[in-house]
2 protein chains.
Amino acid sequence: MESRPGKSQSISGKLEIDAQGQMPVTIEMVAKAAGVSPSTVSRILNGTAGVADVKRQAVNSAIDRLGFIPNPVARGLAGGRTLSIGVVTQSLDSPFYGAALRGIEIEFQKVGYTPLFISGQWNQLEEARCLDLLRARRVDGIIILDGRVDDADVCSLARNLPVVITGRSLQAPNVASLHFSNFEGAEQATQYLIELGHRRIVFIAGDPAHQDALERQRGYRAALLARGVAIDEALVVPGNFSEESGLRAVEGLLSQGKKFSAIFAANDQMAFGAALALYRHALHIPDDVSLIGFDDLQPSVYAIPPLTTVHQPSHEMGTLAATAMLQLLHGERPVLSMLSPRLIVRESTAAPSR
Amino acid sequence: MESRPGKSQSISGKLEIDAQGQMPVTIEMVAKAAGVSPSTVSRILNGTAGVADVKRQAVNSAIDRLGFIPNPVARGLAGGRTLSIGVVTQSLDSPFYGAALRGIEIEFQKVGYTPLFISGQWNQLEEARCLDLLRARRVDGIIILDGRVDDADVCSLARNLPVVITGRSLQAPNVASLHFSNFEGAEQATQYLIELGHRRIVFIAGDPAHQDALERQRGYRAALLARGVAIDEALVVPGNFSEESGLRAVEGLLSQGKKFSAIFAANDQMAFGAALALYRHALHIPDDVSLIGFDDLQPSVYAIPPLTTVHQPSHEMGTLAATAMLQLLHGERPVLSMLSPRLIVRESTAAPSR
DNA sequence: GCGCATTCTGAAACCGCTTTCACATGACCC
DNA sequence: GGGTCATGTGAAAGCGGTTTCAGAATGCGC
């Protein structure tokens with residue numbers, strides 16, 4: 001089996017380098033096998049310069065005969081490019097960001113980049129640590145999903161690396177920003193409730209530290225205003241994007257005896273909490289109260305009843321972010337259209353009963 | 001020419017990577033600043049050998065005066081260790097694995113290792129690709145969460161790298177396996193339903209390609225057997241762990257007019273689907289039908305009604321996997337106790353009505 | 001005071017690849 | 001037929017560390 005060095009694992013050699021011998025093939029070995037210099041091999045590998053066809057073929061054949069895989073670490077050191085992109089997300093275990101991460105992963109995989117995922121936990125300090133780590137790891141670029149960092153810091157980061165950032169608009173050299181219109185989404189949702197005939201519409205706000213949360217609230221207010229529905233401040237209640245805060249919000253309203261026929265929660269998770277509170281009080285969705293969320297998380301489809309919500313193209317956001325990063329890396333300036341919201345009507349909304 | 005001429009860029013005025021901010025400070029600069037050789041700095045950095053206190057202090061002071069951060073890429077090349085660990089998960093956007101990933105991230109962060117997350121999409125081929133990629137990236141070890149790879153491949157992988165694998169028991173050198181007793185968990189859940197008085201208990205099975213799914217089914221059967229409840233094969237219906245399959249399963253049973261008072265779904269997601277089917281048929285949980293899931297996903301707490309389920313210590317699993325990996329890296333043989341299941345009783349279960 | 005074991009330390013050789021530089025080669029032009 | 005150029009190619013110098021190796025300094029026993 002092992003007797004024929006250099007021949008035995010020719011075909012399948014790529015997939016399983018070598019199980020036993022584990023002697024990694026280097027560019028030098030390839031060079032020697034092909035009768036050229038390492039420089040030439042490198043040039044072929046990177047397409048850096050023209051190489052005579054004869055040699056090119058010799059090298060290519062040697063490469064897959066030996067099952068050579070360039071060592072990314074060495075490449076990173078020598079070339080300054082690591083072919084890896086840092087991705088700062090806020091949470092690894094959030095259904096929301098997960099979809100975006102997957103989108104990023106797919107896009108990068110196609111072109112041989114590797115994403116380095118790391119989570120900032122919605123914490124500015126933590127996020128700064130993440131950025132430092134990624135920089136230390138010499139990533140070629142950084143994608144920040146809904147970051148907490150200051151615009152200024154982003155810009156200074158962008159002096160060294162291309163940066164793609166979502167959740168805000170930021171015009172700067174070497175930066176691409178991807179934004180989703182939370183305002184518009186919230187407006188649509190609210191408008192829909194109004195059109196159904198609702199007038200007393202609760203808004204459960206998100207964490208005010210989030211830009212998104214504020215925008216969504218603005219959208220809610222704008223829609224009411226536009227339709228001439230008076231805003232009852234008592235119906236605008238605080239939340240922090242967690243299920244529990246949604247539950248507490250509704251409990252609070254109910255215990256105060258507030259009247260309302262619909263609830264618009266600034267995200268799905270709070271909508272779930274709200275739904276539970278209503279359930280506990282034997283209030284039926286949508287017969288007694290209509291409910292709308294925001295994000296269109298996967299569980300929303302199978303919520304009881306299935307939740308009407310504003311779709312966030314999270315996966316697509318990931319795809320776009322990755323694409324934009326690749327463009328930046330190629331020196332192009334990405335053109336990014338703002339993503340539009342889409343209201344997904346399911347079964348948690350209906351005209352008010354009375 | 002910033003602050004101290006002749007210190008910052010004296011050695012190499014060649015690379016001007018940084019536009020404005022910080023220039024990368026190298027070990028050589030530290031060495032010069034401290035009046036020692038690079039070797040000595042390296043030794044202090046790694047604790048490789050004893051160094052005179054005077055020099056040690058000089059170096060340490062130079063290090064943080066200059067804000068030196070060792071370049072992991074160079075370290076990886078020279079030392080052969082990249083301080084990064086590959087983590088193969090099945091899905092990035094699954095609430096289930098997310099918690100485990102977070103556990104891993106936390107544990108590694110403490111000790112300066114960086115996890116490299118990559119998803120295999122429950123696909124053996126894809127997973128093989130992931131493993132190749134990680135090996136090419138020269139990770140120091142690999143953690144596989146519920147992998148599809150053959151035991152044999154794991155072992156051969158382990159000849160080069162320490163491997164931690166969850167979801168199976170595997171005794172091999174340089175491998176640590178972490179297992180959770182799916183059997184016991186399913187047994188507990190079923191037993192609980194029986195104790196409540198249920199006799200006609202539906203089991204919605206998971207993807208038979210999963211080891212876990214089979215074990216859970218065995219647990220279900222064992223519990224029925226142990227309590228002398230006859231197994232009605234018509235009540236054991238196939239599923240694939242998705243919400244939709246849970247829904248279809250229950251729709252099927254209902255349309256066939258099958259009688260049952262409880263449902264045990266092999267995971268929470270299928271339980272959600274089942275719940276929706278019941279809702280559509282105006283069947284109340286738990287009054288008409290009791291429902292139990294498996295995994296204790298976060299949405300289960302806020303399901304309507306909150307779902308009784310078997311808790312999977314997913315986060316803890318991540319923590320343990322990371323810890324085990326660190327032990328392997330230190331040449332210790334990790335002792336791993338199998339994690340025990342815990343039934344979380346919430347509101348989706350009750351004694352049968354009649 | 002001498003030989004020898006210990007402990008520190010720096011020079012230099014890598015790690016595997018990219019990139020510069022200089023040197024052919026041959027094509028092209030007048 | 002001797003420049004001028006493009007084009008291909010290899011030698012060698014890094015990239016920023018780690019590690020080997022050998023020499024210097026110190027300590028110790030007798």
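In β9(B), Ile292(B) is the bridge partner of Phe264(B). The chain runs from β8(B) through helix α11 (residues 268-280) of chain B to β9(B), a right-handed β-α-β crossover; right-handed means that, with the strands pointing away from the viewer, the path from the first strand over the helix to the second runs clockwise. This is a predicted model, in which local features need pLDDT of at least 70, side-chain atom pairs count only at pLDDT 80 or more, and totals for chains, interfaces and linings use all residues. Residues are numbered from 1 along each chain as its sequence is written, chains are lettered from A and ligands numbered from 1 in the order in which they are written, and side-chain values use heavy atoms, without hydrogens and water.

**Strand β9 of chain B**

- Strands β8 (residues 262-265) and β9 of chain B pair in the parallel sense over three bridges; pairing requires at least two DSSP bridges between two strands.
- β9(B) is also joined by four bridges to strand β10 (residues 308-311) of chain B, and these two run parallel.
- Asp295(B) stands opposite His311(B) in β10(B).
- Six of the six residues of β9(B) (residues 290-295) are buried, so this strand is largely enclosed by the rest of the structure; buried means under 20% relative accessible area, exposed over 50%, and partly exposed in between (1.4 Å probe, protein chains only).

**Helix α11 of chain A**

- Helices (H or I, at least four residues) and strands (E, at least two) are DSSP runs, numbered from the N terminus.
- Because 11 of the 13 residues of α11(A) are buried, this helix is largely enclosed by the rest of the structure.
- The buried residues of α11(A) include Asp268(A), Phe272(A) and Leu278(A).
- α11(A) is followed by Ala282(A), whose phi is positive, near 60°.
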